[in-house]
Amino acid sequence: MCLAIPGTITKIEDMEAYVDYGGVSKCADIRLVENVKVGDIVLVHAGFVIQILDKENGEELQKLVEETMGIIYK
Amino acid sequence: MKNSIEDLINAIKLLAETMSEVSIMEVCGTHTASIRKYGIPSVLPGNIRLVSGPGCPVCVTSQEDINMALSIADSEKVIFTCFGDMMRVPCGDKSLYSLREAGRDIRIVTSPMDAIDISKTNPEKQVVYFGIGFETTAPHTAALVDEIDKQNINNISVLNSHKTMPQAITHLLKDECRVDALLCPGHVAAITGSDAFSFVPEKLNLPAAIAGFEAYEILAAILSILTMLKTNRKECVNMYPGVVTKSGNLKALELINRVMEPEDAVWRGLGSIPGSGLRFRDRYAGFDATKRFEIPGNKTQEPKGCLCSGILRGENIPTDCGHFGKSCNPHSPMGPCMVSSEGSCFSYYRYRDV
Amino acid sequence: MESKITLAHGSGGEKYRELVQEIFLPAYSNEYLSPLTDSAILEGGGKIAMTTDSYVVRPLFFPGGDIGSLAVSGTVNDLAVSGALPKYISVGMILEAGLEMDVLKRIVDSISNTAEKAGVKVVTGDTKVVESKSADEIFINTAGVGIFPSGRIIPTQKIEAGDRIIISGCMASHGMAVMNARNNLGFSPPIESDAAPLGKLVDAIFMNENNIIHAMRDPTRGGVAATLCEWVTSTTDIIIYQGSVPVRPDVAAACRLLGLDPLHIANEGIILFSVPEKCADSVLAALRKEEYGKDSAIIGEVREGRGTVSAVTDFGSKIRITMPNGELLPRIC
């Protein structure tokens, strides 16, 4: 369940944000998140922003992978 | 040093060589689709098996709920709105798709809020939104109901078939099962928080990893699970950091809780699961479509003898089931394993001659 | 002239003549059509190719095209992929009473413009009007005739092990453009269809006599996946290099959002080719020089096998490619 796609907020009007997905934009409802602003990378599911993404997402996962590798290749 | 996808695959192979058969259940339908999209099984060692769980909300919607949808939608006064996924799920020889072909006004929406625009441009019609999905989508329906309440719109109602994940997983896996670990749904967890899945190690005694949906993220979660199995650790590791936090999206959870409350729900092929559904609280009961429309009394019973739960647990294979290939087939499926094109029964049926 | 089509416009009387004289003739005007004889008398000789197709599209106008441009391109492309040089088309229309005259004019102009671009002439036609609600605004049927220039080797339409698969442009644009317009999906800027007549593109390949084409097809409904699945035989496999099939970024993003596989989505302005390895580079070079072939790419190959179509990823995984099943619907799961 739950196709959700990341995009970047380019404009906010009232409860709606314009989210750019790389070449195409679509409006998303922002009432489910707090303090969202232009430039934020957000996760959108079924027309709603459901989470503001942590910009270090990739690095955090890398860190977890490195820890796991450390256990395997010790 | 950055680890590549190839590094992950090599590490998985190295671990797998020292292990016997491992079954990992992905409980999320979008995981199932991503695993297929990236061809993940083709790079996994033969003893690491991925099995699809009950995580496709479309496939687990009960035949009774679909029948209600069909009965409501089959009217000139109604504009019925739903996600595209729901259109072709059959109940008997009918589906929302076949009703639309016959001329009924059934519209695919990509957000529940679309129903509001439709209701405003069609004031003479009753607009019904079919609310399906797990915790990820339930806040959207709650937001819709909250908004039609605030705006006092009287021509929208919701057919509420929302379900929650942890109860279903517990129900399915609490007894003996052949699943060794769970790949937990990243987008459900984005709403519920990772803590909502700590029951997997604590109550079910299985290791688990919350995963994202890219090839790298899925393989990283599988590697984490194998490492836990190897070192005999049972935890729920959050392998989708940056999206999933410990406590989740509190605003969304608050909204679900304000508008809905838990109830028992019937899952297609699995029967009634205590506390696994969400109904509107009394304050919002007026928006419940089942209270606005007269629905014929003859209740659709879930068919008896469906083995989906055993198949999902890994105790049965599709051909063990008396209905398989006879009263249950892709055109007239009984349980979720035959409804979903990723389901075990569907695959068995499709490739039975190969 | 009235502002709307009425049943009288299809009656064969004065009104019908008015329609022909004021709308059709000025738009299509050529020496074969103008005499308004019962049949057009054409130059042919030798082998000819003939095809027909009917067009029902909603909405009638969408970014990048309309039912008129589609009715010409679709038929022209069917001729082109059989190896023929498209020459003549017929245009039959079924109009719903009440259709705005301006809408008809726009469609007829679009037919005329596309025919000119395609190098074909509208040589005969027919128009009927049906009662309101008996049709959806306008249905168009076009038939096309193409000739085979002397010396041209007609493709066998059979792929062979060792072939390279070439695509002439970005996939999935048409299907996503129409889906966005039809369902008010709200993508902005609007996604543009790739609808285009491709006769000249195919002709450009044959300019080099050493170029051989085993099979070519325009992957319309069912997309690239359907064409590949139809091509594969019991003794071959088709392997696509995942990520090598060009998709415009806006189309790719829309597909991701709606959970759709671009391989399954309809095209109206691209062609798939299966060509022997030895002429793959020269076919590619010829295509890339053409207006509608700039994004051409080699996307895969044919091997000896057992009838499977699959994609290989850069990390070595293998994905089975299957025929799409029925109308594609956006999904959220």
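In chain C, helix α4 (residues 173-182) and helix α7 (residues 249-258) have axes that come within 10 Å and cross at roughly 60°. This is a predicted model, in which local features need pLDDT of at least 70 and side-chain atom pairs count only at pLDDT 80 or more, while totals for chains, interfaces and linings use all residues. Residues are numbered from 1 along each chain as its sequence is written, and chains are lettered from A and ligands numbered from 1 in the order in which they are written.

**The helix pair in chain C**
- α4(C) and α7(C) are therefore oblique to each other (angles under 35 degrees count as roughly parallel, over 145 as roughly antiparallel, 65 to 115 as roughly perpendicular and the rest as oblique).
- The contact is made by C:Ser173, C:Met176 and C:Asn180 of α4(C) and by C:Val251, C:Ala254 and C:Cys255 of α7(C), where contact means that C-beta atoms, placed from the backbone, lie within 7 Å.

**Where chain C meets chain A**
- Here 14 residues of chain C are in contact with 12 residues of chain A.

**A look at chain A**
- Chain A has one helix and five strands (DSSP runs of H or I with at least four residues, and of E with at least two).
- From the N terminus on, the order of these elements in chain A is β-β-β-β-β-α.
- The C-alpha atoms of chain A fill a box of roughly 55 × 25 × 25 Å, taken along the principal axes.
- Residues 24 or more positions apart make up 30% of the contacts in chain A with a separation of 6 or more.

Conventions:
Axes are lines fitted to C-alpha atoms, for helices over the stretch in contact, and angles run from 0 to 180 degrees between N-to-C directions. Two residues are in contact if their C-beta atoms, placed from the backbone, lie within 7 Å.
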